[in-house]
Amino acid sequence: MANTSTKQVQIIYGDATLGLRGEGFGYIFSYERGGMESLVQHGKEWLYRTPKPTFWRATTDNDRGNGFSVKSAQWLGTDMFLKCTKVDVAVNGNAIELPISPENNKYSNHEFADNVTITFTYETLTVPATTVTAAYTVNGTGKIKVSVDYHGKAGLPELPAFGLRFIMPTAAKGFNYDGLSGETYPDRMAGGETGHYTVDGLPVTKYLVPQECGMHMQTKQVTVIRNRTLDNTDHDNHDFNLTFLQAGQSFAFSCLPYTAEELENATHIEELPAPRRTVLTVFGAVRGVGGIDSWGADVEQQYHISAEEDHSFSFAIKGV
Amino acid sequence: MKPELGWLDDPQTFRVNQLPAHSDHRFYQSDTDLATGQSRFTQSLDGTWQFKFAKQPSERPVGFYEPDYDRSDFDTITVPEHIEIAGYGRLKYINTTYPWEGKIYRRPAYALGQDQKGEGMFSDGEDNYVGAYLRTFTLNPELRKQQRVVVQFDGVEQAMYLWLNGQFVGYAEDSFSQSEFDLTPYLKDGENLIAVEVFKRSTAAFIEDQDMFRFSGIFRSVRLVGQPAIHVQDMRIIGNLADDMTTGDFSLKLQLNRHDNAKGNVKVAIMDADGNSLFDTTEAVNDDVEINHKMFKNVHLWQHTDPYLYQLKVTVLDEQGAVVEIVPYQFGFRRVEMKNKIMLLNGKRIVLNGVNRHEWDAKSGRVISVDDMKQDLKTFKENNINAVRTCHYPNRIEWYYLCDQAGIYMMAENNLESHGTWQKMGAVEPSYNVPGSLPEWREAVVDRARSNYEVFKNHTAILFWSLGNESYAGDDIAAMNAFYKEHDDTRLVHYEGVCRNRKYEDQISDMESMMYDPPKEIAKYLDNDPKKPFVDCEFMHDMGNSLGGMSSYDALIDKYPMYQGGFIWDFIDQAIETKDEVTGQTVLRYGGDFDDRHSDYEFSGDGLMFADRTPKPALQEVKYYYGKHIN
């Protein structure tokens with residue numbers, strides 16, 4: 001392949017979306033849906049709904065026992081109904097007027113840039129409210145650098161989690177990652193051994209009551225492998241994949257067929273719906289699971305996530 | 001003697017015509033039998049029994065044990081099996097409250113006054129369902145030749161009456177200890193009819209309130225055992241160490257049953273693990289045969305990392321020199337002691353990397369197989385687990401032998417928990433606690449201590465006796481402690497409940513034992529010149545996605561010599577495998593899933609293993625931290 005570093009990304013200044021294209025990739029960011037609506041690499045769609053910041057974790061037995069879910073219940077509503085309040089676009093690092101009609105009439109069908117950043121601002125449904133931004137910077141290789149910033153606010157209850165959740169159209173065949181063995185949390189990862197691990201399917205840990213599970217701390221990269229799409233013209237069932245990379249610090253992730261809310265609602269694993277999506281969440285902050293007891297003892301203080309402080313994380317999605 | 005239904009209501013009646021508990025040694029007719037492990041002195045009664053279920057005592061088939069009773073409407077059941085797993089009784093899980101919560105008002109007999117005897121509480125209890133069990137057997141020729149034939153029930157929950165050929169034999173409570181009865185007077189040639197009436201509840205219900213699925217029925221094996229004219233009825237083996245920690249200090253006491261003062265000899269041999277003889281003696285048969293403090297230089301010590309076992313072989317010979325019976329027993333040399341307020345094994349500080357283990361199999365409840373046990377030991381080994389608390393009852397006998405061999409430090413717990421009588425909705429409220437200091441309950445609980453001691457006393461793996469779980473404290477539990485102190489100076493005694501009633505702390509438990517104390521609280525205890533070393537009899541409650549923060553407990557081990565580790569709660573989830581009523585797929589179900597109310601629901605799932613014996617993700621964390629202190 002040619003020297004990709006000189007490649008530019010093509011910008012499609014749509015009326016409802018901002019399209020970013022290049023060789024082997026096409027991304028669409030929706031002003032209406034408040035996020036990235038389409039992530040296509042090599043003709044395969046990776047997004048079912050726009051990724052959104054996530055704040056909830058399916059209540060663990062310990063969370064139930066110590067009343068954490070009750071204290072932090074506001075974050076469940078925010079997790080489900082978060083609204084996008086603002087979109088900003090920058091081209092080559094320079095902010096531009098939001099390119100919606102008629103502002104976008106000044107552009108053409110051959111607009112190119114070295115990189116484009118689109119930033120979505122979300123307002124939480126908490127009292128008091130605060131904001132979170134998710135910024136996507138795309139270059140000509142299709143590489144996406146994602147930065148997510150939470151703005152702390154006094155008076156908010158502790159966060160169950162803080163991440164960015166991608167819902168993919170079909171259930172993955174599996175994933176592999178460079179990180180720690182097994183399921184790990186900040187207060188339960190000493191036994192995790194560093195290595196490259198391959199996971200078949202999207203296993204949900206079979207706790208008697210479905211709950212937060214499948215976390216992988218200290219990850220350098222994770223690659224999701226699928227072999228099916230929802231495209232009616234796509235009869236190919238070869239594997240294709242998407243890779244999330246460390247950008248700066250390592251990250252935590254889980255890769256499950258369900259959202260926290262789906263897990264939350266089941267009393268038994270068999271009540272969960274048939275797996276049909278992939279829910280890949282990259283976490284910037286993970287709360288410990290605790291373990292002193294299951295009827296009141298809190299998670300140790302250093303493994304809490306304060307909502308009164310700022311939290312930021314970033315990672316990259318590999319280009320083509 | 002006539003059996004009385006009122007025994008169910010009377011805490012002072014808990015064993016009738018039962019033989020005294022004795023050591024769990026096996027015995028064989030020949031070296032050939034010994035080599036195969038199949039004793040011709042035993043005859044299994046496991047298998048299919050006739051069965052009739054009655055919802056309450058008044059509906060039970062009275063007289064079903066009579067040979068001419070019309071049993072044409074009887075079903076069948078498997079022995080061993082829980083009546084609930086068989087589908088007759090409803091499956092139920094509950095933690096601390098009594099299983100009749102919200103349905104029947106009960107207070108333990110005598111707890112609120114001498115005049116409150118609880119008559120009819122269980123004998124006429126509408127929830128006290130009854131299983132009538134019955135089968136025939138013909139004695140094997142080898143057993144017919146023996147002097148005495150006894151029947152052993154390894155586990156019957158929760159009260160049982162026994163008849164043979166229409167004649168009443170005896171009565172037993174204590175679901176988790178072996179009950180043995182002499183059948184000799186009632187046996188006949190040809191076919192014999194054995195009948196057992198099992199009651200779901202008795203006064204034992206108040207002291208068997210463990211956090212578990214509530215079952216009933218004959219759930220462990222039943223067998224006939226023939227005993228020859230000279231028989232080793234009981235043996236006490238002590239493989240201790242002298243102060244130099246290298247010289248083995250061996251003592252043996254045999255108690256022999258002799259028919260008509262039969263004469264003969266007893267040969268005692270000790271070999272190392274490879275069969276090399278170390279010691280040999282022959283003594284004339286007597287009621288008691290003793291070897292006291294025989295010293296062996298430079299013995300191979302028994303410990304977790306090297307569970308070396310010597311072989312004792314007792315051969316009973318008749319006057320003509322013919323072998324009457326051979327009793328093998330493997331034992332280790334090891335020394336347990338408290339020195340400078342630290343518990344030592346072979347002179348070294350003990351660090352317990354332990355788990356609490358309920359007996360559990362998702363398919364069959366507390367009916368577990370030897371394969372289940374072996375698999376559990378494999379999991380122990382792979383994850384650096386060195387200790388087990390038999391929470392909260394004596395386990396199947398095989399487990400103790402396997403722990404001897406695997407080098408697992410055992411805290412052997414009595415069948416005792418009266419949680420619901422002193423703790424209500426989390427608050428300590430012992431207004432009707434039993435056994436407490438009630439004289440009417442004392443013998444029942446001391447008997448449980450006695451059974452636990454007598455049966456298992458020869459197991460090297462047992463370092464600690466545990467008086468029971470979460471039963472508060474009073475004179476009765478102090479009496480249990482005293483029993484162990486009178487009978488066994490080679491082990492230490494554990495009991496957590498004394499921390500709930502400090503008045504008894506000088507009489508009960510050699511160690512300070514707490515459950516679920518946060519690391520900071522433990523440090524506070526250890527920083528204040530405590531009287532006893534500290535053990536977590538339960539910690540790291542592994543319910544669902546848990547086991548976070550283990551490093552804080554681990555840090556105590558290096559900081560405080562008097563912190564001696566603990567037992568994670570617990571080893572395996574209690575959940576029952578069944579078919580999903582919607583999809584037909586195999587699923588695991590927990591409390592409340594059987595329309596059982598009042599329930600504690602998923603609280604039964606606190607294991608390091610899922611109920612199907614696959615590991616939970618947290619296990620790698622246990623392996624890591626326990627691996628730091630292998631001892």
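**Entry 1: a loop asparagine**

Is B:Asn384 buried or exposed? I looked it up: B:Asn384 is buried, at a relative accessible area of 19%. For my own bookkeeping, buried means under 20% relative accessible area, exposed means over 50%, and partly exposed is in between, with a 1.4 Å probe and protein chains only. B:Asn384 sits in the loop between α4 and β29 (387–389) of chain B. Its phi is positive, about 65 degrees, although B:Asn384 is not a glycine.

Ground rules before I go on. This is a predicted model, where local features need pLDDT of at least 70, side-chain atom pairs count only at pLDDT 80 or more, and totals for chains, interfaces and linings use all residues. Residues are numbered from 1 along each chain as its sequence is written, chains are lettered from A and ligands numbered from 1 in the order in which they are written, and side-chain values use heavy atoms, with hydrogens and water left out.

**Entry 2: chain B as a whole**

I counted secondary structure next. Chain B has 10 helices and 39 strands; these are DSSP runs numbered from the N terminus, helices being H or I of at least four residues and strands E of at least two. The radius of gyration of chain B is 24 Å, close to the 25 Å from the globule rule for 631 residues, so chain B is as compact as a globular protein of that length. That radius is taken over C-alpha atoms, and the rule is 2.2 Å times the number of residues to the power 0.38. Along the principal axes, the C-alpha trace of chain B spans about 70 × 65 × 55 Å.

I noted that 66% of the 631 residues of chain B count as buried. The accessible surface of chain B is about 22,500 Å², with 46% of it belonging to carbon and sulfur atoms; the areas come from the Shrake-Rupley method with a 1.4 Å probe, and for residues only the protein chains shown count as cover. Of the contacts in chain B with a separation of 6 or more, 75% are between residues 24 or more positions apart. Contact here means heavy atoms within 4.5 Å.

**Entry 3: B:Arg357**

I then went to B:Arg357, in the loop between β28 (352–356) and α4 (370–382) of chain B. Buried or exposed, at its relative accessibility? B:Arg357 counts as buried, at 0%. Its side chain makes a polar contact of 3.0 Å with the side chain of B:Asp376. Another polar contact, 3.4 Å, joins the side chains of B:Arg357 and B:Asn395. By polar contact I mean a pair of N or O atoms within 3.5 Å; within protein, one must be able to donate a hydrogen and the other to accept it, and residues adjacent in sequence count only if both atoms are side-chain atoms.

Leaving aside neighbours within four places in sequence, the contacts of B:Arg357 include B:Met373, B:Phe380, B:Trp399 and B:Phe571.

Helix α10 of chain B covers residues 619–627, and its buried residues include B:Leu619, B:Val622, B:Tyr625 and B:Tyr626. The buried residues of α10(B) pack against β28, α4, β36 (534–541), α9 (550–559) and β37 (563–569) of chain B. I checked α9(B) as well: B:Met550, B:Tyr553, B:Leu556 and B:Ile557 are among its buried residues. The cover over the buried residues of α9(B) includes α8 (519–527), β36, β37 and α10 of chain B.

Which peptide bonds did I note as cis? The bond from B:Glu157 to B:Gln158 is cis, with omega near 15 degrees, and B:Gln158 is in the loop between β8 (156–157) and β9 (159–164) of chain B. The bond from B:Trp569 to B:Asp570 is cis too, with omega near -15 degrees; B:Asp570 is in the loop between β37 and β38 (576–579).

B:Ser509 has a positive phi of about 80 degrees although it is not a glycine. I found B:Ser509 in the loop between β34 (492–494) and β35 (512–515) of chain B, and it counts as buried at 6% relative accessibility.

**Entry 4: a look at chain A**

Last stop, A:Thr223, in strand β17 (residues 221–226) of chain A. A:Thr223 counts as buried at 9% relative accessibility. A polar contact of 2.9 Å joins the side chains of A:Thr223 and A:Gln221.
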